[in-house]
Amino acid sequence: MQRRCPLCNQTITKVASKFVGSKPQTLSVLAPPPSEERSVPGLPAVLEDSAPLLQRLHAFFEHERYSLGRRTTPAPPPRPRWGPGSVGHARRQPPPPAAGPSPYFQRLQRHARSMRQPATPAAPGPPPAAGTAEEILGWRRAVYAEGTWTRIQWPLQERGVEPRRSRAELRAWVLRELQVLLPGVDCTLILTLVLALFGTPGPHADAIRALDCFLGTRTAHFWHELRVLSASPLSLPAHDHALRAARTGALVVATHHTTRPAAEKTRVEWHWVDLTSGDGLADCFSALGPELVAVVNCAAASAPAFCEQNADHAAALNVPHQLLKSLAGLAATPLLIHISTDQVYAGTGTPAAGWSEDCKPQPVNVYGATKLEAERAVQASWPKHVILRPSIIVGPPPPFPVHRPLFLQFVLSALSQQKPTTFFTDEWRCPVSVHDIVAACLRLIAEADKPRAHRLYNMGGPHRLSRAEMAEAAAAVGGWSTAAVLRQPAASVTRAAPSPQDIAMDSSLCAADLGVHATPLESVLRAVCAAAQPDP
């Protein structure tokens, strides 16, 4: 059966096979031929069912073959050799009304065409004030124009995973980026499409293909920035601060004492120092020059048993007298970020909300005592400082070997080998992601000269967990049996150093001032376990 009428050249969709008088009694509906079926490549089936308007939008742009910087128009169909529309036919029928774009799509198409013409440069004006919406949009335009992809690598999430921020904040960021990439366009429908694609499980390449007709050559860059934001532990303003600080291309120098890591694995400049004697500090600061912005002091003897047996060495290393002395001789006044510990708290009589910065510190071991002494030395000698008190730090293994296993790697090793291991049920901590600490430091460095009402912050994770609960959470994420987790009280073993029982902290001040959203342990475990899987 021919699918087109020989008189009007229209597609035949219904056939009347039996008439009673002038009215059809039997009417057959024909399915459209396969060549006329339109689909939306790259769009998830869930969107085809629930968002026909988005489907129409995507199909329209696929038909137009539009992308930034390039546009190809399909060749017109050949004219028929007979019938309406043929050359020399005496009786032409008006073309059927096309289901063309609505005024919104017409405006979007006109804007796309206008972007292919070189814009007339506007007259130079005064630069916008820093931090204003106009200035931020200009910064984002420069990021996409220069092709500067964000290199801060939080553990990126897959599509369909709940993002680490509110939907309203994610929506605000996507709308801002679309305004940068498509200025002057109503991006409401494209915004909906982006959020739907990001919330739908599937390969990232499919989402990029689905958005390519809107954003063109910048689609992959935009999608990468969206993934970085979704996984970032920072609020949107703090995230912007961190990206801008990282984009300045500042020189980063790190110090070592016993083992020098490979430079190609860390992409920083390494200097040998001895913090107990001060040797090497002068050369290190000379290499940095007079424009030094910040110093992050992570050095410490952090094993409580070692500190208990080597109190003098622990004090010489943990209390940064030599570092403070070297800073005092500099022409610059950098911000000193000093990493302390939650073990400055007593661990008994814990407040219901956890230990806050206002609680009186009472360490129960040498390690905690030396770290508290270090805090007081920093506060007395260097006014431009910030002290962070983290709990157990969890995250991926370091890029170079360390002298003792980190807690999370110790737990994962025991579980993967199903080696029976004792984990205490009556010692509580708030494990914090190493990426959260990095995010806090980046925010502080970006605002190094900002006056601060607070210079001491607790940095704990969002949940109070015992060591046994941490091990069981790791087993659940890694798919291991909990038979290797031996739940015991702390008093069941003899320890070389006393340990505080409950030092769960209230970290709300850090979240409010620095904009750091604490990462749950389960999210850290998922990222670490996924990174440990061999490539297929």
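Modeller: R467 and E427 are both buried, meaning under 20% relative accessible area, where exposed is over 50% and partly exposed lies in between (1.4 Å probe, protein chains only). This is a predicted model, where local features need pLDDT of at least 70, side-chain atom pairs count only at pLDDT 80 or more, and totals for chains, interfaces and linings use all residues. Residues are numbered from 1 along each chain as its sequence is written, and side-chain values use heavy atoms, with hydrogens and water left out.

Colleague: How far apart are the closest N and O atoms of R467 and E427?

Modeller: They are 3.1 Å apart, in a salt bridge, that is, a side-chain nitrogen of Lys or Arg within 4 Å of a carboxyl oxygen of Asp or Glu. R467 lies in helix 18 (residues 467–478) and E427 in the loop between strand 11 (421–424) and strand 12 (428–429), so the pair ties together parts 40 residues apart in sequence. Helices (H or I, at least four residues) and strands (E, at least two) are DSSP runs, numbered from the N terminus.

Colleague: How many salt bridges does the count come to?

Modeller: The count is 15.

Colleague: And what does E225 pair with?

Modeller: With R140, at 3.3 Å between the closest N and O atoms. E225 sits in helix 8 (residues 219–231) and R140 in helix 4 (residues 133–146), 85 residues apart.

Colleague: Is E225 buried or exposed?

Modeller: E225 is buried, at 1% relative accessibility. R140 is buried too, with a relative accessible area of 1%.

Colleague: What about R443?

Modeller: R443 forms a salt bridge with E447, with 2.8 Å between the closest N and O atoms. Both R443 and E447 are buried.
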